[in-house]
Amino acid sequence: MKRRVAALLAAPFQGRWRIVEMDLWDNEAIDLLGPASLLIDGADGEMRFIAVTAWLDVRYEARQGGPVAEFSWDGADEGD
């Protein structure tokens with residue numbers, strides 16, 4: 001039952017999401033090496049923007065009657 005609930009909470013977030021705006025950089029900058037995006041696949045994911053590649057650890061829960069996804073990440077900027 002717990003797996004089913006986790007899958008239901010995760011379902012709305014699955015897939016590749018286009019990052020269209022960031023507070024600190026303009027769109028030309030965030031798309032420097034290709035379209036900025038966030039990929040969520042279950043408990044894993046990937047984020048790309050400017051020259052940053054990040055790997056995500058995604059967690060799901062319900063708050064105020066709706067699903068929520070939170071993640072921590074580790075990444076590299078130009079390979080560093």
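Hi everyone, let me start at one spot: Asp57 stands opposite Ser72 in S5. We will come back to Asp57 in a moment. Please keep in mind throughout that this is a predicted model.

So where does that residue pair sit? Strand S4 covers residues 52-63 and strand S5 covers residues 66-77, and the two pair in the antiparallel sense over 12 bridges. Together S4 and S5 make a hairpin, with two residues between them. In the turn, Gln64 has a positive phi of about 50°.

Let me step back to the overall picture. The protein has two helices and five strands, and from the N terminus the order reads α-β-α-β-β-β-β. If you draw a box around the C-alpha atoms along the principal axes, you get roughly 45 × 25 × 15 Å. Of the 80 residues, 28% are buried.

How many salt bridges does a search of the whole structure find? The search gives five, and I will take you through some of them.

Back to Asp57, as promised. Its side chain meets that of Arg59 in a salt bridge, at 3.7 Å from N to O. The cut-off for a salt bridge is 4 Å, so this pair counts as one. Asp57 is partly exposed, at 40% relative accessibility, and Arg59 is partly exposed too, with a relative accessible area of 38%. Here is a general point to have in mind as you look at such pairs: in a regular strand, side chains alternate between the two faces of the sheet.

Next comes Glu61, which forms a salt bridge with Arg63; the closest N and O atoms are 3.0 Å apart. Glu61 has 35% relative accessibility and counts as partly exposed, while Arg63, with a relative accessible area of 39%, is partly exposed as well. Which residues do salt bridges with shared partners join into one network here? They are Glu61, Arg63 and Glu70.

Asp31 and Arg18 meet through their side chains, with 2.9 Å from N to O. Asp31 lies in the loop between H2 and strand S2 (37-41), and Arg18 is in strand S1, so this pair ties together parts that are 13 residues apart in sequence. Asp31 is partly exposed, with a relative accessible area of 24%; for Arg18, also partly exposed, the value is 44%.

One last stop, and it is Val20. This residue is found in the loop between strand S1 (15-18) and helix H2 (27-30). Is Val20 buried or exposed? With a relative accessible area of 56%, Val20 is exposed, because the threshold for that label is over 50%. Leaving aside neighbours within four places in sequence, Val20 is in contact with Asn27 and Ile30. From Val20 to Ile30 there are 10 residues in sequence and 8.5 Å in space, C-alpha to C-alpha.

How values were computed: Residues numbered from 1 in each chain as written. Predicted model: local features only at pLDDT ≥ 70, side-chain atom pairs only at ≥ 80, totals over all residues. Heavy atoms only, no water. Helix = DSSP H or I, 4+ residues; strand = E, 2+ residues; numbered from the N terminus. Buried < 20%, exposed > 50% of the residue type's maximum accessible area, 1.4 Å probe, protein only. Pairing = 2+ DSSP bridges. Contact = heavy atoms within 4.5 Å.
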